[in-house]
Amino acid sequence: MTDVKGDRWFRAQGPAFAVALLALIVAGGTIGYVVIEGWNAWDAFYMTIITVTTVGYREVHDLSRAGEALTVVVLISGVGAALYTFTLLATVVVEGGLPKRLQKRRHERMLQALEDHFIICGYGRIGSIVARQFRRQNVPYVVVERNADQLQTAIEHGALAVEADASREEVLKRVGIDRARGLIAAVGTDAENVYTVLSARVLRPDLFIIGRAETEDATIKLKRAGADRVISPYQIGAVHMAQTALRPAVVDFVELATSADNIELAMEQITIAPQSTFASRSLLDASLRQQYGVIVVGIQRHDRRMEFNPEPDTAIQPGDKLVVLGRPESLKRLELDAAKVTP
């Protein structure tokens with residue numbers, strides 16, 4: 001009960017109360033000069049303002065004894081009220097009122113400007129690593145995290161972050177799911193990931209969604225909820241360790257080709273546009289090796305079937321994804337050309 005009364009008292013003594021008090025004093029002084037001295041409203045108001053602000057101007061008209069007494073009252077009460085009001089308003093501006101509102105508006109504008117970005121749900125061990133990889137490759141993303149400490153960590157790492165529940169549809173709309181490139185569900189539990197994937201799939205049936213699973217049962221449920229890919233960190237980690245033990249040279253090569261820090265060699269997927277110059281041509285006719293110095297190691301078709309080490313006469317179909325190996329600058333040039341429309 002005491003806290004409620006204290007809160008009401010604080011609100012009563014806030015900037016609104018101070019402004020109202022100052023306005024009341026100005027109105028009272030104006031009416032007083034009109035009644036006592038018989039001045040018009042403007043002269044009375046002007047006299048009240050120069051008295052409250054203590055600017056030192058002379059009186060508008062000569063004052064009677066009663067007018068002088070009113071001036072003393074207006075001066076004492078008005079100066080105190082003005083000082084109190086300006087102090088409170090300055091405190092609101094300096095201590096976070098205005099800066100927080102401006103920061104919030106800037107944050108909302110940044111969210112509205114996001115396009116072709118990824119939504120990372122959760123900034124734990126998995127989400128933070130994903131975000132770091134995106135930062136290295138200059139991929140736009142936004143983090144949705146419910147834990148305040150992890151959210152602060154994301155912000156300190158330079159991420160655009162929102163403190164909210166990623167499974168709520170209004171939250172996903174706020175972070176631009178309608179303009180997003182994909183969503184990664186990596187929140188605390190399998191159940192939360194399932195709800196997040198389900199909410200995202202309802203809002204965007206065509207969105208590319210990746211879900212993190214800790215158990216086999218969760219993997220099945222995430223796929224049923226609409227995840228395009230389900231990743232089990234424990235399973236991938238175990239497989240990676242086994243491959244490293246058995247084929248260390250192969251693992252070293254793959255890590256070299258897929259590392260974002262490597263400036264000499266990279267592996268990338270290149271999407272062939274429907275009207276691309278490479279569409280409906282064979283690998284040999286496209287001359288990818290001769291023109292770009294890249295090696296096509298695989299082709300993913302529409303049905304997600306992967307053809308490894310394709311023959312030179314293999315046809316490139318519109319919408320195919322070429323898995324190619326080469327220098328980053330060559331891959332970038334090939335990606336731009338693959339998106340061009342045949343004249």
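Modeller: Two strands pair if DSSP finds at least two bridges between them. Strands (E, at least two residues) and helices (H or I, at least four) are DSSP runs, numbered from the N terminus. This is a predicted model, in which local features need pLDDT of at least 70, side-chain atom pairs count only at pLDDT 80 or more, and totals for chains, interfaces and linings use all residues. Residues are numbered from 1 along each chain as its sequence is written, and side-chain values use heavy atoms, with hydrogens and water left out.

Biologist: What is the order of the strands in the open sheet?

Modeller: The 6 strands run S3-S2-S1-S4-S5-S6, with parallel pairing.

Biologist: Why do S3 and S6 stand at the edges?

Modeller: Strand S3 (161–163) and strand S6 (229–231) each have a single partner strand, so one side of each lacks a neighbour in the sheet.

Biologist: How do you know that S5 and S6 pair?

Modeller: Strand S5 (residues 208–212) and S6 share 3 bridges in the parallel sense, and the definition requires at least two.

Biologist: Why is H11 called oblique to H12?

Modeller: The axes of H11 (residues 233–246) and H12 (residues 248–258) cross at roughly 120° and come within 5 Å. Axes are lines fitted to C-alpha atoms, for helices over the stretch in contact, with angles from 0 to 180 degrees between N-to-C directions. Angles under 35 degrees count as roughly parallel, over 145 as roughly antiparallel, 65 to 115 as roughly perpendicular and the rest as oblique. H11 is therefore oblique to H12.
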